[in-house]
Amino acid sequence: MTVWSKLTYVMPDSVRDMMESYELYTGIQNNLPNVLAAAAVLYAVWKLTNFVIIKRKLNKKREASKIQIQKAKAKWCEVVDSDSRITLEEVDRITSMNFADLTKSLKDGGLKVVTVVRAFQRKAAIENQNFNFICMPIDADDVEEYARELDAMPVSDRGSKPLFGIPLSVKENEDVEGYCATLGCTRRLGVISEKNSPRVQVLKDLGAIPFITTNVPQGLLSFSCANPIYGVTTNPWNAKREPGGSSGGEGAAIGSGASVFGLGSDIGGSIRIPASWNGVTGIKPTAGRISAVGRHTSSPGQTMVKATAGPLASTVDGLIMAMRAFSSKQMFLEDPSIPQQFFNEEELLSQRPLTIGVYYTAGPVEVCAAAKRAVKEAADVLASRGHKIVPYELRDAELCSTKFFPAAVFGDGGAHLVNLLYGDELSHDISPLIKLLSLPLLLKKALNKIISFAVVDYAAEVIKKNEGVASVNDWCILQRELQEYIHLVISDWKSDGIDAVLCPPMPVPAMPLGDPQLAKSAVSYCVTWNVLNFPAGVVPVTRVTSADEEADKKNFPPKDMFHRVLKRGLTDSAGLPMAAQIVTLPYHEELCLRIMKELESEVSFQPLQRPLHT
Ligand SMILES: CCCCCCCCCCCCCCCCCC(=O)NCCO
C-alpha cells in the first residue's frame, strides 16, 4: 500500500470524492514525490517568511527602545554628574566607606541619606561610562523623594529600618515597579513591572533605596554579560575581561565602587561568579528559603535545580543584612508561600570550633595556581582561628555538572528559551546554544552522535542534554536519582562530622571578553552546590600574582579545547581578584555567613580603589 493510498483510506468519503472529481487524486498519486517536495518547500518558505517578519518587528521594537533608553540614561548621567551639591572628593569618601561604617553614619545622622544617594548616583554615572553595568537608572526624583523622607525620620526611630538609606542596585530580572525585566530579550521590552518583587519591596521597606537596575547576559544562562538591548558589561579590574554573569552588572557595579549592596540570582553560579571575578562578596542561599515571586528566569517552571535570588555586597555585613531582611516578618507577610525561617542570630554569632572539609579540584575541570592558593590561604586562616581543616572529596563530583544540571536546565529541550528568543538578535555568547536548542529533535540526535566523537566525554555528555528528557517517567527517575544523591552527600557530611566545605568557586580568574562561551565547563565548581541545593558564598581572598601566572604557564594542563581556552586566559591575569567558596548544609546560611565573615576579617584583600578626584 502506497503512502497516498493509506492517506485516501483514512480520508472522509466526501473529501476523496471531491478530489477525485477534480482529478486531483490520480494527479497527486502519480506525482507524490514532487507533491511532497513542493509541500516541504512551501512549509520552509512559510516558516522563513514568518521568521523574517518577526525578526523585522523585533528589530524595530528594539532599536526604538534602545534610543529611548540611551536618551533617558544620558539625561540621568548629565543631571547627576553635574550635581554641584556633591563634590568628587565627597563621592570618593562616601563610596569607599565600608558597609558597616556607612550604615552606622546613616543611622546616627552623621551622613544624610540624600548625600549618600547622590554620591552613589554620581559614582555610578561616571563608572558606567567605563564598564556599562546600568540597564536603567531609577527616576532621580523618586530616589530623592524617598531619601528626603528617610532623612526626616528622627534618629531614635531609625532602628526599625536596618538598611536605613543604603543605596540598592537591582539585577534586571527582578520586578521593580515601573521598569522592565527584559533579561536582555527584545520580546520582554515594554512589559513594565506593575509592582516591586517581594525582595525589592522588603529591602525598600527596611530602608534601602533602589537606584539602578543592572545588566545581565541575554536569557541569563551565561557567565558573560552582554545583550543586544543594553550592550556589553566589562570588568572594572580590567575592562578587557568579563565581569561574570549572569549578575554581571551587579558584580561590576559593586566591584567598581558604584554600589555597596545589590540583588542578584543564581542557578549555576550567577551570584558567585561575578562576585569572585569583581572582588566582592555574594551568597547563593538555599533555593526555597527566599521568595521566588517577581524574579524572571530562562526556565520558569523547572523545579529540579532551582534558581534563587540572593545578595551581593562590598562586604559580608551587607550579605548578613540582606539575609536578615529576607528572613524577616515583613518577608513572610509579602510572600506567605515560603517557610517562616527567621534569621538564626545564634548560629551567626556562635564561636563553636568547626570541622571544615577542603578540596582544590573536583571532576574533570582543572584549577589554576591562584585559585588553589586562594583556597589554601583561606584554609590556613580558618585553621588559625581554631577550626579543624580536613580533606574532603565530594562523591561522584562530576554527576552534578555533567548529568543533573544540564538535564534539569534543558529538561524542556530549551523550548522556553528558544521561544523567548525566536527572531531576536542573539548575543555572541548565547547564539550557538540557541541555534543548537532550536534544531528539530531528530537533527539534535544526529548531531549529538557526531559531537560525541568530536569532543571530550564530559562535554559530549553535557551537550547531549539539549534533547530534553524523553518522558515524564524519565523526569521522575532523574528527580529520584537526584534526591538519593543529595541524601547520600548529606549523610557523608554527617558521618564525617563536616560543618562546612571550602573550595574554589571558579577554576580561573575573570576570563578575557568572549571566552566563557568557549569554556562553559568552568561553571562546574559553582553548579555542584545549586544541584545539591546547599547555600554557598564567596569571599575575595587574594589577587593573581606573576608567580601564579608563571606556574600556570608550566603546569596548567591544556588537556582539551576547553582547558586550552582557560589556559590562554591566564596570560596577563596578574592583579585580578580570586575568591574562596564556603558551603554549608541546606538552610544554614547563617553558618556560611559566620565563616565568610571570619575569613574576610583575616585576609588582607583590598577592594578596587578608583578615586574620581585626582
Ligand atoms: C564537568 C564539566 C561540566 C560542564 C557543566 C556545564 C553545563 C553547561 C550548561 C550551560 C551553561 C550554563 C552557564 C550557567 C551560568 C550561570 C547561570 C545562572 O546562574 N543564571 C541565573 C539565573 O537566575
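1. Buried means under 20% relative accessible area, exposed over 50%, and partly exposed in between, for a 1.4 Å probe and protein chains only. F99 counts as buried because its relative accessibility is 1%. F261 is likewise buried, at 1%.

2. This is a predicted model, in which local features need pLDDT of at least 70, side-chain atom pairs count only at pLDDT 80 or more, and totals for chains, interfaces and linings use all residues. Numbering runs from 1 along each chain as its sequence is written, and side-chain values use heavy atoms, with hydrogens and water left out.

3. The whole structure holds 13 aromatic pairs (rings of Phe, Tyr and Trp, the last by its six-membered ring, with centres within 6.5 Å; planes under 30 degrees apart are stacked, over 60 edge-to-face, the rest tilted). Among them is Y43 with W46, a tilted pair at 6.1 Å centre to centre and 40° between the planes. Both residues belong to helix α4 (residues 32–81), three residues apart, about one turn of the helix. W46 counts as exposed because its relative accessibility is 52%.

4. F99 and F261 also make a tilted pair, with 5.6 Å between centres and 50° between planes. This pair links distant parts of the chain, 162 residues apart: F99 is in helix α6 (residues 99–107) and F261 in strand β6 (residues 261–266). Helices (H or I, at least four residues) and strands (E, at least two) are DSSP runs, numbered from the N terminus.

5. One aromatic cluster is formed by Y359, Y392, W493, W529 and F534.

6. The charged end of K204 sits over the ring of Y146, 5.4 Å from the ring centre (NZ of Lys or CZ of Arg within 6 Å of the centre and within 35 degrees of the ring normal).
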